[in-house]
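Please open the structure in a viewer and follow the stops below in order. Each stop states what to select and what is to be found there.

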Amino acid sequence: MQNKKKLLIFDFDGTLFDSIRYLSEAEVNAVNEMGWKPITLDFARKTIGLSLSVIYEQVSGDKSLSKLQEFTDRFNKYFFARAKEAGYFDGIEEMLASLKEKGFILTIATGKGRASLDRLDKMLGFDKYFDFNICPSESEPKPSPQMVNKLLKKYGLKPEDAVVIGDSEHDLKMAQNAGVDTVAVSYGAMSRKELEQYHPTKIVNTVQELQKTLEELK
């Protein structure tokens, strides 16, 4: 990985926010309420990072997205009933404050919808750390490179100036499709062994290791 990275593009769930359990349970419960073929928690875990429209099509087989709003409402009902029990992974806020002080551009590229992300911002106040965030409603969803490309364009940077930090194959594929280096975290949705299949530039196991890795980039 080259030095002097300026733009840090973070995934949200499973990378910053310790929400994997609650998202997985919300997806399983929403699918059951919709009366579709049941899914497992493991299946749901592997879809985290995708937009709800993509998940909807995978679990329902309905390409017309005719009941997407109903599915979204049911999903959010379950997720936000438990979201207050979640929070940042230990050390995340300290890491973000340190990176911001060192002059990095901090951004979020998430599969979460705009309304949900804004609702969580009111709970967590993460905008004080981040310069910008982008959702599938403003771009093509992961693993399309469009969110990364839009961030690069916004800041007038090249792929070699950025790094994507994420916990799933969807984050890694998005970054690789954009030609951007990746730091994968193994404390989120996927294990180190699972992440290795997607050839990230680097894998870290803890927030402390992540902070050290990122601070060494500048």
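Begin by selecting Thr213, a residue of helix 10 in this predicted model. Is Thr213 buried or exposed? Its relative accessible area is 8%, and because buried means under 20%, Thr213 counts as buried. Leaving aside residues up to four places away in sequence, display what Thr213 touches: Val183, Lys202 and Val204.

Select next the six strands of the open sheet, which are ordered 3-2-1-4-5-6 and pair in parallel. The edges are formed by strand 3 (132-134) and strand 6 (202-204); each has a single partner strand, so one side of each lacks a neighbour in the sheet. On average, and with direction ignored, neighbouring strands of this sheet are turned by 20° against each other.

Move to strand 2, residues 105-109, which runs parallel to strand 3 and is joined to strand 3 by three bridges. Within this region, highlight Ala109 and, opposite this residue in strand 3, Ile134.

**Helix 7**

Select residues 146-155, which form helix 7, and colour its buried residues Met147, Val148, Leu151 and Leu152. Seen down the axis of helix 7, these buried residues fall within an arc of 135°, so they line one face of the helix. Their packing partners are strand 1, strand 2, strand 3, strand 4 and helix 8 (169-178).

Lys153 is exposed, with a relative accessible area of 74%. A distance drawn between the C-alpha atoms of Lys153 and Cys135 gives 16 Å, for two residues 18 residues apart along the chain. Just after helix 7 comes Gly156, which takes a positive phi of about 65°.

**Helix 6**

Proceed to helix 6, residues 114-124, and colour its buried residues: Ser116, Leu117, Leu120, Asp121 and Leu124. Around the axis they cover an arc of only 140°, which places them on the same side of helix 6. Turn the view to the face of helix 6 directed away from its buried side, where the exposed residues Ala115 and Lys122 are found. The buried residues of helix 6 pack against helix 4 and strand 3. Just after helix 6, Gly125 takes a positive phi of about 65°.

**Helices 3 and 4**

Finally, select helix 3 (residues 52-60) together with helix 4 (residues 68-82). How many Å apart are their axes, and at what angle do they pack? The axes are 10 Å apart and the angle is about 105°; the two helices are therefore roughly perpendicular to each other. To view the contact, display Leu52, Ser53, Ile55, Tyr56 and Val59 of helix 3 with Leu68, Phe71, Thr72 and Phe75 of helix 4. By class, this contact of helix 3 with helix 4 comprises seven nonpolar residues, two polar residues and no charged residues.

Note on methods:
Residues numbered from 1 in each chain as written. Predicted model: local features only at pLDDT ≥ 70, side-chain atom pairs only at ≥ 80, totals over all residues. Heavy atoms only, no water. Pairing = 2+ DSSP bridges. Helix = DSSP H or I, 4+ residues; strand = E, 2+ residues; numbered from the N terminus. Axes fitted to C-alpha atoms, helices over the stretch in contact; angles between N-to-C directions. Buried < 20%, exposed > 50% of the residue type's maximum accessible area, 1.4 Å probe, protein only. Arc of directions from axis to C-beta. Contact = heavy atoms within 4.5 Å. Parallel < 35°, antiparallel > 145°, perpendicular 65-115°, else oblique. Nonpolar A, V, L, I, M, F, W, Y, C, P; charged D, E, K, R; others polar.
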